Amino acid sequence: MASIRLLERPKESLRRKRFLVKWSKPIRFGERHKLSILNIAQILSVLNDNLFKFTAIFFLLDLKGQASTGDIVSWIGVMFVLPFLLFSSTCGVISDRFSKSRVIIFSKGLEVVLMALSIIVFQLKLDMLVYPMMFLICLQSTILSPAKYAIIPELFKREKFSKVSGAITSSSYVSMVMGSFLASFLAQITNRNFPWVIAICLLFAVVGFVASMMLPYTRPMGSKKKLGGFFIKQVVDTMKLAKKVPNLTVCIYGNAFFLFFGAFLQLNIIPFAIEALGLTDVQGGYIFVMAALGIAIGSFLSGKIIAGREVELGLAPVAGVFMIITMMLFPIVATSLRSAMIICSILGFFAGLFQVPLDTFIQSYSDEKNRGQVIAASNFLSFVGVLIAPLCIYLLSSVFHLRSTYSFVLMAFVDLFIALALFKSVAPSTFRFISERFIQPFYEIHFLNSVLNFREELAICCRKMSWPKIFLILGESSKFHLFIVKAKKGFFDPLIGFIGNIDYIYYGRGECIKQTVIIQKKLEELPPKVHPFFVFYSEAAYTHFQTSIYRETLLNQDYSFQEVTIRHRSHFRPSFPRVYKRSQLTYQFINLD
């Protein structure tokens, strides 16, 4: 029996060891679970910010009376925005120097402590401490903001960035709406017992803190940037770093415009509801709630549209165009509460489509060692836009005495300017997006001896080609710079030449030397791996090019030449079975060297 026991003990200890090894392993979450955990943590933070903000306003109104409404709302608004302006850069440095998951946990733990202290402040009716508490709670959100966006590339695969960013942006706007709604609802059902409302905020904070504890550990990025310094200088230094990445500064400024646009819409919608529709201020607030829900839906669908792909910057200018159209139609179509809510939700929808590609590009292409600082600089500029919005409202209404209806039209022209600037900067991506989504579905395209995945210095030539066919080939790659060669200057040439990757070359009398200088300058300005694509309006233009200095200029810069020819067979014939078939296009590439 003794020998049997000696044989059994090692088996028992081995089982115990296996048990300990099995349960001591860290829990590994899939991407879906990591998104849910991150989203719960940030949703409850945004919800608490807005719930606390409106609860604080209601609480101070009870103590000081309706006569102090303007002062209370103004000071609460200042306390809400001020931390983002003062400390965004510092918080970006913190997220780059330390583990982002640990920064999120710290900020959520700080939120729990602040909400617990707020219960005491509200219970004892310490009204002068409400403003500092609002400031500290928004400071906690300032710490969280760079980390929650900069952690996305560390937790998810690159093809998931757009989907994750869209989900987070969408849920943020839903939680803003829910926070504003819950403040009124909870104040009503608790009979304006504000300490109980803040206790519910504490419960949300605890749930968010528990969720943040489940985030996987992320390693620090090794940034050597020191804390402190003047925050404006930090933002300027970060923007200088961002200039090294093509289109990054454009996306940062576009993101700031989005926040300005949202703040302007929120502030202008209430006077519009009162002046043009004869509604109350509360009903005007309902209209903006529909805009926020539209932004949430647009952000979610934007992430779905471009999920599994490279960042689709081309979607932003297209969405900007629809924002302009909707804004122009707003004063005309919005003739009642229902129509105003519908048109405002549509406007918000396109705004959501506009923002997500910009956010995703910032997260994807900023340097990993400085990603938190870049996002913090974007936050700073965005909240500068939020502060500029009420100044614009004041100037338009009080100084220029412009009705809110015309303010919407003026904002549409501002939106037009921003959309054109963005389109000029990201024209190749926009062409590829328009081609892929709206033109290519009507064609069946084949490529023979394709060089579209080229790596060497390559120039492509093509005889006269229609604009749809140009768009089709541009849709296959965003690495083309289009040169259109023709004899005379056309009426619309300057307008088309405004686009970032299209230039005209004229071979008429006296133009040869001048155009050679222009081509040399353009070739020097082309970004790496972007290749010239020459389209000739006539056989004379093509013959001229083959014997001109232009071609010699390219050959001297080690460019090789490929000519593309097109065979087109259309199926759009009267017979019924063929009318639904797509036209066939065959692009064949021929080496000219």
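Where do F260 and F264 lie, and how many residues apart are they? Both belong to helix 10 (residues 248-275), four residues apart, about one turn of the helix. Helices here are DSSP runs of H or I with at least four residues, numbered from the N terminus.

A word on the model: it is predicted, so local features need pLDDT of at least 70 and side-chain atom pairs count only at pLDDT 80 or more, while totals for chains, interfaces and linings use all residues. Residues are numbered from 1 along each chain as its sequence is written, and side-chain values use heavy atoms, with hydrogens and water left out.

Now to the rings. Rings of Phe, Tyr and Trp (its six-membered ring) pair if their centres lie within 6.5 Å; planes under 30 degrees apart count as stacked, over 60 as edge-to-face and the rest as tilted. That rule gives 19 aromatic pairs, and here are two of them.

| Pair | Centre distance | Plane angle | Type |
|---|---|---|---|
| F52 and F122 | 5.8 Å | 75° | edge-to-face |
| F260 and F264 | 6.2 Å | 40° | tilted |

F52 sits in helix 2 (residues 31-64) and F122 in helix 4 (residues 100-123), so their pair ties together parts 70 residues apart in sequence. Buried means under 20% relative accessible area, exposed over 50%, and partly exposed in between (1.4 Å probe, protein chains only). F52 is buried at 0%, and F122 is buried at 2%.

Terms used. Helices (H or I, at least four residues) and strands (E, at least two) are DSSP runs, numbered from the N terminus.
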